[in-house]
Amino acid sequence: MFDALHTPDNVLVVGGSSEIGLEIAKQLARRGSSKFLLAGRSLEEMQRAARQISQVSERAAASVSVIHFDVLAEGATESLLAAAKAELETIDMAVIAVGALGNQASDEKDPAAAERILEVNFSKLAPAVLAIANQMATQGFGHIVVLSSVAGVRVRRSNFIYGAAKAGMDGFATALADAMIPSGVKVTVVRPGFVTTKMTAHLSPAPLSTTAAKVAAETLRAADRGKVTVWVPPLMAVVATVYRHLPRVVARRVPF
Ligand SMILES: NC(=O)c1ccc[n+]([C@@H]2O[C@H](COP(=O)([O-])OP(=O)(O)OC[C@H]3O[C@@H](n4cnc5c(N)ncnc54)[C@H](OP(=O)(O)O)[C@@H]3O)[C@@H](O)[C@H]2O)c1
């Protein structure tokens, strides 16, 4: 359930070793969320994240569990939902932080590698999000936070595999928000620009780059207000809207 300030008791983080996911979980722990389930591929990284969440927790008794989850694995979503039922009872908030950038230059020469990026970011992830939404609809409440990206707003030549997958996920999740209205389930879609996390550690920061902590703060502010979309930083909304409407011949020359 949620308290009067929309702080959930029970939180599922899918992509449990994500730096942005961890920051959201830590900020929720500080606000008083009491049970967390981190679902991801690296048990070691998630156990490290679990310790950080416990350390900042408002409640000494906050519990943090971890389970292995690979979105590409057969039966992963069924196991995830069963674990969520056992550990959390109700999924009050689900943070969907799974994502992989891939390597555009080599992936565009290798359709199987491109397929994996499309699956991780969209075609395998979206059905998992739908299953979580349906479970929340059965319980009659819940809030799903989906990490989308500015990269999906207008897909660029320089990262069109990741960008196309994010565009798909963004469209799916924003429409899911509409579909879920009668059930009482809310969806908030987050569109960060460049965030300095391990995902981007090998890249030079782009203009308006931000941090995982700032993304987490803006995300929770938007979720508290029941907003369907949020841009981080907020100025990114203006930049992305302008970029989206540039003629293709001009957009093609923008150097990022
Ligand atoms: N960083 C940015 O600039 C940026 C900008 C816009 C949007 N985003 C989005 O924000 C979200 C979180 O990203 P982040 O910056 O926090 O990066 P991150 O720390 O690399 O988090 C990505 C997460 O996705 C997980 N993941 C990758 N493949 C998976 C799979 N097959 N099954 C399950 N989990 C898998 C990773 O697990 P492993 O640790 O096991 O690889 C990791 O936990 C992603 O959706 C990303 O696309 C990031």
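A nonpolar core is a set of buried Ala, Val, Leu, Ile, Met, Phe, Trp, Tyr and Cys residues joined through side-chain atoms within 4.5 Å. With that in mind, let's walk through this predicted model.

Start by selecting Leu12, Ile96, Ile132 and Ile144: in the largest nonpolar core, which has 35 residues, these four touch the most other members. Now colour the elements that give two or more residues to this core, among them strand E1 (10-14), strand E4 (93-96) and strand E5 (142-147). Helix H6 gives the most, with seven residues.

Next, centre on Ile96. Leaving out residues up to four places away in sequence, Ile96 touches Val14, Leu125, Val129, Ile132, Ile144, Val145, Val146 and Leu147.

Stay with H6 and select residues 125-139. These 15 residues should span 21 Å at 1.5 Å a residue, and the end C-alpha atoms are 22 Å apart, which agrees. Show the buried side of the list: Leu125, Ala126, Ala128, Val129, Ala131, Ile132, Ala133, Gln135 and Met136.

From here, hop to Thr77 in helix H3 (residues 76-88). Thr77 counts as buried because its relative accessibility is 16%, below the 20% cut-off. Beyond its neighbours within four places in sequence, Thr77 is in contact with Phe69, Ala128 and Ala131.

For a second, separate core, of 30 residues, pick out Ile20, Ile24, Phe36 and Ala216, which are included in it.

Finish at the second largest pocket, which holds about 190 Å³ of space. Its lining includes Arg154, Arg156, Tyr243, Arg248 and Phe256, and the lining residues divide into five nonpolar, one polar and five charged.

Methods:
Residues are numbered from 1 along each chain as its sequence is written. This is a predicted model: local features need pLDDT of at least 70, side-chain atom pairs count only at pLDDT 80 or more; totals for chains, interfaces and linings use all residues. Side-chain values use heavy atoms; hydrogens and water are left out. Helices (H or I, at least four residues) and strands (E, at least two) are DSSP runs, numbered from the N terminus. The expected span of a helix is 1.5 Å times one less than its number of residues. Buried means under 20% relative accessible area, exposed over 50%, partly exposed in between (1.4 Å probe, protein chains only). On a 1 Å grid over the protein atoms alone, a cavity is a set of points where a 1.4 Å probe fits but cannot get out, and a pocket is an open set with protein on both sides within 12 Å along at least five of seven lines; lining residues have an atom within 4 Å of a point. Grid points are joined across faces, edges and corners, and a volume is the space filled by probe spheres set on the points. Ala, Val, Leu, Ile, Met, Phe, Trp, Tyr, Cys and Pro count as nonpolar, Asp, Glu, Lys and Arg as charged, and the others, Gly among them, as polar. Contact means heavy atoms within 4.5 Å.
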